[in-house]
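Here's one to look through together.

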Amino acid sequence: MSMQGVQNEEKIHLNKEEQKRIRQRSLKLLGEIVKPVRARLFVSLALVITSQALRVAGPWIIALILDQALPDAMSGNFNTLYMLVGVYFGASILSGITIAFFLRFAAKVSQDVMFGLRKRLFRHTQKLSVEFHETYTSGRVIARQTSDLDSIKELLDSGGNEMVSGILYMLFTAIALVTLDPSSFMIMLVSFIPLFFLTRWFQRNTRINYRKTRVASAKLIVHFVETMTGIRAVKAFRKEKRNQDTYGELVEDYRSVNAKVIQLFGIYDPGLIMIGNITVAFVLLWGGFRVLEGDLGIGVLISCILYARSFYDPMENLAMFYNAYQSANSALEKISGVLEEEPSVPEPQKPVSLAHRRGKINFQNVQFAYSNGKVVLPNFDLEIKAGQTVALVGTTGAGKSTLAKLISRFYDPSQGRVELDGVNLREISDDELRETVVMVTQEAYLFSGTVGENIALGKPTASQEEIESAAKAVGAHEFILSLPDGYATDVNKRGGRVSAGQRQLISFARAFIADPTVLILDEATSSLDIPSERMVQKGLQTLLAGRTAIIIAHRLSTVSIADRVIVMEHGKIIEDDTPAKLIAGTGKFAKMHKAWRDSLV
Ligand SMILES: Nc1ncnc2c1ncn2[C@@H]1O[C@H](COP(=O)(O)OP(=O)(O)OP(=O)(O)O)[C@@H](O)[C@H]1O
Ligand SMILES: [Mg+2]
């Protein structure tokens with residue numbers, strides 16, 4: 001169904017059904033992340049209620065002091081004065097303490113929620129299959145993990161606190177006003193009318209502009225990431241000027257929407273202050289008359305003024321909360337979408353263990369298409385005997401790498417099955433499959449760390465001797481010793497930078513140390529010079545004994561060590577025999593081999 005997972009992420013207009021589903025999905029996620037901290041949320045709520053009630057109690061006590069304690073004191077009785085001042089003092093201190101506790105407590109809760117969500121998102125994104133990562137670009141993965149998590153964090157950290165305290169503060173103030181002096185409260189109510197319109201105007205405009213800032217900053221990040229990750233191509237094709245101009249325009253957009261937001265504040269804040277001051281003036285005027293008439297105590301009037309003056313203080317935060325809420329909500333929608341994605345290559349529920357790992361591979365009626373729908377392998381049958389060394393050759397785009405990726409189970413076939421020692425790959429646990437089948441590709445990715453650590457990835461328990469003998473076997477030992485710190489050289493530091501061919505040698509050593517039952521080499525020696533490749537192949541011959549090997553190479557020198565050559569074209573096998581027979585024949589391989597031989601002399 002198209003409503004699943006990340007599919008709707010880019011869609012602007014969703015129908016009711018889709019909206020409902022996405023809302024439910026984010027609510028569900030929200031429930032899940034809040035569940036472990038539920039009890040602590042109640043404690044924070046209790047703390048914030050207490051702190052705001054104490055804060056609002058202050059002016060009330062002042063009214064009591066002015067209207068009751070002072071007259072008493074003038075007639076010589078200081079008891080009430082001392083008591084009320086003591087209460088005022090106590091309330092202020094307690095209010096400060098509860099606020100401090102609340103802030104600390106709430107921050108801890110929000111950090112814990114974020115910690116859980118961050119880990120869960122990472123784990124899940126990493127678990128998703130290659131297919132997901134091919135379509136969902138790394139830029140989007142980064143955005144989920146950074147800016148989206150940040151907007152949720154912002155809401156939890158400040159937005160939520162401020163909203164809850166702000167609403168409670170206004171509510172308690174209103175209650176205090178109603179009880180102390182209902183007519184001042186009525187004046188407050190009237191001031192709500194201009195406040196309402198001003199706030200609505202502000203909110204609408206900030207919402208639009210905040211959305212624009214988010215879009216603008218996302219574009220900025222994507223452009224930046226693209227330029228910097230492709231910096232070599234940028235330089236090689238002299239794209240600097242063009243990229244700079246584009247970046248300049250994006251920055252300008254970003255700047256102007258930000259300026260717009262600041263202008264909005266420039267109107268809203270003074271507006272709030274003005275409404276507040278006018279309200280205070282009316283409270284003062286109306287209250288003053290009544291004090292003169294003797295209907296109202298001066299203390300009550302002063303506390304009403306204090307209430308009216310600070311009543312609107314939380315308004316700005318409340319208006320902003322809506323924006324924070326909106327962006328956190330859209331972040332939650334996107335993150336819940338990613339979390340809803342299932343690996344397209346799922347781990348089996350009940351894995352079947354390979355009794356004897358021998359390395360027999362079997363393709364039965366396999367049909368395979370990538371997610372774009374183009375069929376790469378129409379109907380594929382192949383059996384590779386345990387221990388066989390197979391050279392897989394064929395034109396570019398024939399489907400050789402696809403075949404290799406199916407054996408490594410990066411993908412599952414659309415139809416038919418791939419078997420290892422008679423067990424469907426779908427039924428083998430990931431761990432066992434990774435131990436049994438190792439693929440070395442052209443990319444030869446090195447992780448940050450030392451050369452030795454990179455080799456030991458193939459076998460985390462490997463000793464230094466094992467690492468070195470693996471390196472010796474593939475002819476990498478010599479060049480590694482010539483690095484500044486030998487095996488301890490950091491591959492990302494200056495001096496540790498290795499060439500493409502050296503990288504391949506390291507990843508070769510990594511594969512050998514893993515000692516897999518099935519080894520797949522996909523153009524794994526393409527960057528090596530001829531002598532180094534020979535060297536690797538000499539090593540291969542001994543190391544491949546008792547192992548199934550599939551070697552994909554355009555340089556046909558591989559063929560000399562193969563028991564069997566398979567020639568592929570358009571996803572089909574067109575020739576399949578021993579190298580000697582194929583070379584002696586008149587088929588495609590004989591021609592390829594002749595052309596290759598001729599090119600060598
Ligand atoms: N990730 C992918 N998504 C969609 N199509 C793909 C993907 N990878 C490969 N293809 C397509 O599948 C076909 C076979 O590709 P494959 O990589 O298996 O070829 P190959 O035989 O390894 O070629 P080469 O010798 O150039 O490495 C090609 O037509 C290619 O366009
Ligand atoms: Mg390939």
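A few questions and answers on helices and a ligand site follow.

This is a predicted model, where local features need pLDDT of at least 70 and side-chain atom pairs count only at pLDDT 80 or more, while totals for chains, interfaces and linings use all residues. Residues are numbered from 1 along each chain as its sequence is written, with chains lettered from A and ligands numbered from 1 in the order in which they are written.

Q: Are helix 5 and helix 6 roughly parallel or roughly antiparallel?
A: Helix 5 (residues 138–180) packs on helix 6 (residues 182–229) at about 175°. Angles run from 0 to 180 degrees between N-to-C directions, with axes fitted to C-alpha atoms over the stretch in contact. Under 35 degrees counts as roughly parallel and over 145 as roughly antiparallel, so the pair is roughly antiparallel.

Q: Which helix gives the most to the shell around ligand 1?
A: Residues around ligand 1 (C-beta atom, placed from the backbone, within 6 Å) include Glu134, Tyr370 and Lys400. Three residues of the shell come from the top contributor, helix 11.

Key: Helices (H or I, at least four residues) and strands (E, at least two) are DSSP runs, numbered from the N terminus. Angles under 35 degrees count as roughly parallel, over 145 as roughly antiparallel, 65 to 115 as roughly perpendicular and the rest as oblique.
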